[in-house]
Amino acid sequence: MVEHGAVSPEWKPLITLLETILGRVWEELEPWHPRCVAVTAGHAGEHGPAVPVTLAALGAGASFIDAQLEHGGLVVDAMASGDPMSTDNVWAEPRWHALAQSLLAGQAPGRREAWAGISGMAVVPSGWNHGGGAALSCCVPGPAAEPILEVLNRYEPLVAASLTVVHASTVEGADDALRMLRSRAVIEQAKGAIVAASGCDAHSAWVRLRTASQNFNIKLRDIAVALIEHIGQAPAEQPAGLPFIRPDDATRDVARRTWQEITGR
């Protein structure tokens with residue numbers, strides 16, 4: 001595991017789980033000879049905004065992820081935009097000149113050989129939105145082929161669920177874990193409805209929900225519930241025993257307009 005900044009010992013169960021997930025990702029990416037796979041997440045400080053932290057990473061090139069948190073790179077850009085990104089040659093991108101210079105200037109002692117073996121990179125940001133977002137990333141010695149992004153996309157929901165449930169239950173308490181669990185369930189329902197109606201992929205559906213949430217300053221989980229209720233013309237089915245999500249009229253109106261944009265009716 002690589003760490004950037006201080007991570008509380010209470011995060012250990014989450015980190016252990018993430019390392020297990022990364023092991024499976026690594027196995028599927030073996031044909032592309034991965035140099036590293038990692039999970040990075042926003043880690044809210046006690047007296048300041050969320051700062052990126054490499055929670056878990058595997059591979060000789062893992063320190064390359066931390067370097068991006070200092071000098072800029074694909075991980076930082078993908079987390080900021082919320083869009084999956086890839087490059088066939090991370091060193092040829094002028095946007096990340098400082099990253100390349102940090103290697104050339106000898107600012108990475110002991111890492112030159114590991115970093116020199118990295119060329120392509122792919123990053124998929126996660127739907128987990130606590131503390132500033134998250135991302136699942138991979139570095140490879142050759143081009144970042146499309147199947148690499150497909151593997152990362154398949155494992156992103158598992159990473160997001162782990163971040164949501166394990167972090168909430170171990171760091172924030174059981175009540176917050178229950179709220180996050182319900183939020184995740186209803187967001188997945190809404191994503192599924194958008195995919196079915198528009199034919200887009202799951203990430204694009206997530207982006208539609210997130211954009212509506214940001215544009216109207218409404219919690220994403222509330223928009224998701226309102227959307228499900230608008231589609232079904234009935235109260236959304238929510239898991240028993242968890243705090244009930246009840247959207248207000250303004251949120252219902254945003255959900256109605258969002259659905260009209262998606263379906264054209």
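Modeller: Gladly, with the caution that this is a predicted model. I would start with Gln68, which counts as buried because its relative accessibility is 0%, and which has its place in helix H2.

Biologist: What does Gln68 touch, if we skip residues up to four places away in sequence?

Modeller: With those left out, Gln68 touches Gly73, Leu74, Val75, Val76, Leu99 and Met121. As for Leu74, its backbone nitrogen lies 2.8 Å from a polar atom of the Gln68 side chain.

Biologist: And Thr54, is that buried or exposed?

Modeller: Thr54, found in strand E2, counts as buried, because its relative accessibility is 0%. The side chain of Thr54 makes a polar contact, at 2.6 Å, with the side chain of Asp66.

Biologist: Changing topic to the nonpolar core. Which residues touch the most other members in the largest one?

Modeller: That core has 28 residues, and the ones that touch the most other members are Leu18, Val25, Leu29, Leu55 and Leu152. At least two residues each come from helix H1 (12–28), strand E1 (36–44), E2, strand E4 (120–125), strand E5 (134–140) and helix H6 (146–172). H6 gives the most to this core, supplying seven residues. As general background, nonpolar side chains tend to be buried together in soluble globular proteins.

Biologist: What is Leu29 in contact with, leaving aside its neighbours within four places in sequence?

Modeller: Leaving those aside, Leu29 is in contact with Pro34, Val37, Cys138, Ile148, Val151 and Leu152. Apart from the core that includes Leu29, there is another core of 23 residues, including Ala38, Ala78, Val123 and Cys139.

Biologist: Last topic, helix packing. How do H9 and H10 sit against each other?

Modeller: Helix H9 (residues 220–232) packs with H10 at an angle of about 65°, and their axes are 8 Å apart. H9 is therefore roughly perpendicular to H10, and H9 passes H10 in a right-handed crossing.

Biologist: Which residues meet there, in H9 and in H10?

Modeller: From H9 there are Asp222, Ile223, Ala226, Leu227, Glu229, His230 and Ile231, and these meet Thr251, Arg252, Val254, Ala255, Arg256 and Trp259 in H10.

Biologist: And H8 with H10, how do their axes cross?

Modeller: The axes of helix H8 (residues 202–216) and helix H10 (residues 249–263) cross at roughly 135° and come within 11 Å. H8 and H10 are therefore oblique to each other, and their crossing is right-handed. The contact is made by Arg208, Ala212 and Phe216 on the H8 side, and by Val254, Arg257, Thr258, Glu261 and Ile262 on the H10 side.

Notes:
Residues numbered from 1 in each chain as written. Predicted model: local features only at pLDDT ≥ 70, side-chain atom pairs only at ≥ 80, totals over all residues. Heavy atoms only, no water. Helix = DSSP H or I, 4+ residues; strand = E, 2+ residues; numbered from the N terminus. Buried < 20%, exposed > 50% of the residue type's maximum accessible area, 1.4 Å probe, protein only. Polar contact = N/O pair within 3.5 Å; in protein donor to acceptor, adjacent residues only side chain to side chain. Core = buried A, V, L, I, M, F, W, Y, C linked by side-chain atoms within 4.5 Å. Contact = heavy atoms within 4.5 Å. Axes fitted to C-alpha atoms, helices over the stretch in contact; angles between N-to-C directions. Parallel < 35°, antiparallel > 145°, perpendicular 65-115°, else oblique. Left-handed = near helix turned anticlockwise from the far one by under 90°.
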